[in-house]
Amino acid sequence: MQQAFGTVLKDWRGRRRMSQLDLGLEADVSARHISFLETGRSRPSRDMIMHLSDVLEMPREASNTMLVAAGFAPAYAARQRDAEELKPLMAAIDWTISRHEPYPAFVIDKHWVLQRMNRPANMLFGGAGLSDGSSLLDALITDPVLRASIEDVGEMLVHMRARLRTEISHLGGDEILEDAVLRIEALSEYRAQSDRDDAVAPAVIPAKYRAGEITLSLFSTIAQFGTAEDMALADLRIELLFPADEATKAFFEGLAVG
């Protein structure tokens, strides 16, 4: 059953922990007008809905929901990623991860499902049976062999949980990510690490993968399309892994030469 516009607006205001006054100040309208919108005494314009969704930092899908609830057409499409219009953008993604070699790079969607990997990433994850379409979340949570190959797995899980919480907050809730958080919290490696009381965290927390006799230490940066108007693109994240020490750098650069 479709929710009324006022109900959707009130729900998202609550998710962002904003009062009617807070939202009114941020949106440059009166708190009374926000109240009237939520109770149905005022009908919003399309421009007002888009403005409020920007202020509330709503994901594209949620903005569409609010527009439809008010009787307007959705603003954002959800094209297939192989659609003709998206080919230049997907080519840009392929260019980015291929030019990142000899270091690993991969693309995931909002549920951490692998969409693309460059050759070093395939080497890194292929041993765990991961390929395009695999869930990185499920692999890290359910595969004890993969977790055993990560030297600092408890620390990685603590960092992973914190990142998921941030992503859930942005999305205004997500059942798949929320379930992943619960599964992480049930892991013994997570519980052992979360009980520690380290005073000062390092500048970055690299993930350390065991590769035979070698330990590969890598940290990541994340890239996204800054002005994506399509939901298929807005959900994608490009992760670029960099060596955190000279031994890891030499290992990957040696692979490129070989």
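User: What do the residue numbers and the values rest on?
Analyst: Residues are numbered from 1 along each chain as its sequence is written, and side-chain values use heavy atoms, with hydrogens and water left out. The model is predicted, and local features need pLDDT of at least 70, side-chain atom pairs count only at pLDDT 80 or more, and totals for chains, interfaces and linings use all residues.

User: What makes the pair of Phe 251 and Phe 252 edge-to-face?
Analyst: Rings of Phe, Tyr and Trp (its six-membered ring) pair if their centres lie within 6.5 Å; planes under 30 degrees apart count as stacked, over 60 as edge-to-face and the rest as tilted. The centres of Phe 251 and Phe 252 are 5.2 Å apart and the planes stand at 85 degrees, so the pair is edge-to-face. Ring pairs also join Tyr 103 to Phe 251 and Phe 252 in a cluster.

User: How many aromatic pairs are there in the whole structure, and what makes the one of Phe 219 and Phe 242 stacked?
Analyst: The search finds 4 aromatic pairs. Phe 219 and Phe 242 are 5.8 Å apart centre to centre with 20 degrees between the planes, and the pair is stacked. Phe 219 belongs to strand E4 and Phe 242 to strand E5, so the pair ties together parts 23 residues apart in sequence. Strands (E, at least two residues) and helices (H or I, at least four) are DSSP runs numbered from the N terminus.

User: Why do Phe 219 and Phe 242 count as partly exposed?
Analyst: The relative accessible area of Phe 219 is 26%, so Phe 219 is partly exposed. Phe 242 is at 27%, so the label is again partly exposed.

User: How do you know that Arg 60 lies over the face of Tyr 76?
Analyst: A charge sits over a ring if NZ of Lys or CZ of Arg is within 6 Å of the ring centre and within 35 degrees of the ring normal. Arg 60 is at 4.8 Å from the ring centre of Tyr 76 and lies over its face. Arg 15 lies over the face of Trp 12 in turn, at 4.6 Å from the ring centre.

User: Which residues does Arg 161 touch, and why is Arg 161 called partly exposed?
Analyst: Arg 161, in helix H10 (residues 153–171), touches Val 181, Ile 184, Glu 185 and Tyr 190, leaving aside residues up to four places away in sequence. Contact means heavy atoms within 4.5 Å. Its relative accessible area is 23%, so Arg 161 is partly exposed.

User: Which residues of H5 are buried, and what covers them?
Analyst: The buried residues of H5 are Ala 62, Ser 63, Asn 64, Met 66, Leu 67 and Ala 69. H1, H4 and H13 are among what covers them. Just after H5, Gly 71 has a positive phi of about 95 degrees.

Notes: Buried means under 20% relative accessible area, exposed over 50%, partly exposed in between (1.4 Å probe, protein chains only).
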